[in-house]
Amino acid sequence: MEYVLETYELCKQYGKYTALNGLSMHIPKGAIYGLIGRNGAGKTTLIRLICGLQTPTSGRYSIYSTDSTDVNISKSRRRMGAVVETPSIYLDMTAEDNLKQQCLMLGIPSYDEIPEILRLVGLETTKKKKVRNFSLGMKQRLGIAVALIGSPDFLVLDEPINGLDPQGIVEMRELILKLNHEKQITVLMSSHILDELSRLATHYGFIDDGRLIKETTASQIEAVCRKCLCVDVTDTKVLAVVLDNEKIEYEIISNTTAKIFEEVNISDLVIALEKHNCKLNKSYEQSETLENYFIRLLGGAENE
Ligand code: ATP
């Protein structure tokens with residue numbers, strides 16, 4: 001597996017306060033990696049470190065396999081674009097002039113990539129409009145456009161959908177997917193809005209108290225969170241025999257409870273169970289959201 005970013009036991013201390021506490025994470029090439037954590041968990045601190053805005057107290061990281069202690073790290077970092085906290089844009093300029101300004105800052109002699117970037121972020125028609133008259137969603141997308149100057153293949157976005165209205169959220173989602181699918185850009189994004197993140201992310205890192213408490217993939221989460229019928233019976237051994245006969249997928253949770261992962265006809269199930277003196281006491285549908293999963297994970301971390 002090729003990783004765009006890896007961190008090893010990364011620590012960041014602010015005086016006596018430990019914001020990152022031995023954090024190790026792995027972002028595969030091509031991923032949309034969702035970084036999830038409650039307020040103060042350490043998301044922005046992590047992003048600031050990998051962007052080179054702050055230095056770790058201990059531990060290290062690598063970008064495209066170049067170690068953070070290597071002199072070539074700034075070269076690898078040039079393959080990264082980032083929007084951290086508020087996007088760095090000039091309000092009294094047009095979108096195009098903001099992008100020209102960024103080219104100048106990065107020493108890029110040509111403006112050739114600007115029209116394509118404006119098209120990608122959906123700002124090609126703003127022409128002479130000053131950024132101060134843009135909606136928040138347009139400003140956020142311009143922030144991403146600025147980060148795209150220099151053709152990075154790794155984009156880091158700190159809370160890109162914070163404060164956006166539903167329309168702005170949809171546009172941001174489509175933009176991130178487009179950058180990932182069309183331009184093969186690997187994305188690291190932090191967010192509190194888990195429902196939205198679950199529509200985008202291919203990988204997840206759950207961060208709490210400066211530690212990565214779980215790293216997983218969207219398909220693993222889907223498997224854990226998938227819809228099922230929970231049943232409460234007098235004997236799950238009997239239930240297992242009945243479901244095996246019908247080749248229905250299930251999971252036994254205890255002597256009396258089980259999860260069934262396929263459509264079943266409840267009346268047929270009751271009749272089949274009764275033949276073996278087993279009673280169905282209760283049945284209800286369940287499907288876990290990413291939010292429930294996260295809360296359960298935090299509960300586990302707190303009980304350690
Ligand atoms: P949020 O979602 O609220 O932005 P976060 O996960 O991004 O939270 P961080 O901004 O990384 O969290 O902050 C982690 C902890 O470190 C917080 O308790 C914060 O108060 C503290 N912290 C961050 N920056 C500094 C600093 N420069 N000096 C002292 N403490 C800091």
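How are helices H9 and H10 oriented to each other? In this predicted model, H9 spans residues 236–245 and H10 spans residues 266–274, and the two pack at an angle of about 120° with their axes 10 Å apart. Angles of 65 to 115 degrees count as roughly perpendicular and those over 145 as roughly antiparallel; H9 and H10 are therefore oblique to each other. Their crossing is right-handed. On the H9 side the contact is made by Val-238, Leu-239, Val-242 and Leu-243, and on the H10 side by Leu-269, Ala-272 and Leu-273. By class, these residues comprise 7 nonpolar, no polar and no charged.

The crossing of H3 and H5 is right-handed. H3 contributes Ala-95, Asn-98, Leu-99 and Gln-102 to the contact, while H5 contributes Leu-142, Ala-145 and Val-146. The contact of H3 with H5 holds 5 nonpolar, 2 polar and no charged residues.

The ligand has 14 residues around it, of which Gly-40, Gly-42, Lys-43, Thr-44 and Thr-45 come nearest.

| Residue | Protein atom | Distance to a ligand oxygen atom |
|---|---|---|
| Gly-42 | backbone N or O atom | 2.9 Å |
| Thr-44 | polar side-chain atom | 2.6 Å |
| Thr-45 | polar side-chain atom | 2.6 Å |

Technical notes. Residues are numbered from 1 along each chain as its sequence is written. This is a predicted model: local features need pLDDT of at least 70, side-chain atom pairs count only at pLDDT 80 or more; totals for chains, interfaces and linings use all residues. Side-chain values use heavy atoms; hydrogens and water are left out. Axes are lines fitted to C-alpha atoms, for helices over the stretch in contact, and angles run from 0 to 180 degrees between N-to-C directions. Helices (H or I, at least four residues) and strands (E, at least two) are DSSP runs, numbered from the N terminus. Angles under 35 degrees count as roughly parallel, over 145 as roughly antiparallel, 65 to 115 as roughly perpendicular and the rest as oblique. A crossing is left-handed if the near helix is turned anticlockwise from the far one by less than a right angle, and right-handed if clockwise. Contact means heavy atoms within 4.5 Å. Ala, Val, Leu, Ile, Met, Phe, Trp, Tyr, Cys and Pro count as nonpolar, Asp, Glu, Lys and Arg as charged, and the others, Gly among them, as polar. A residue is near a molecule or strand if one of its heavy atoms lies within 4 Å of it. A polar contact is a pair of N or O atoms within 3.5 Å; within protein, one must be able to donate a hydrogen and the other to accept it, and residues adjacent in sequence count only if both atoms are side-chain atoms.
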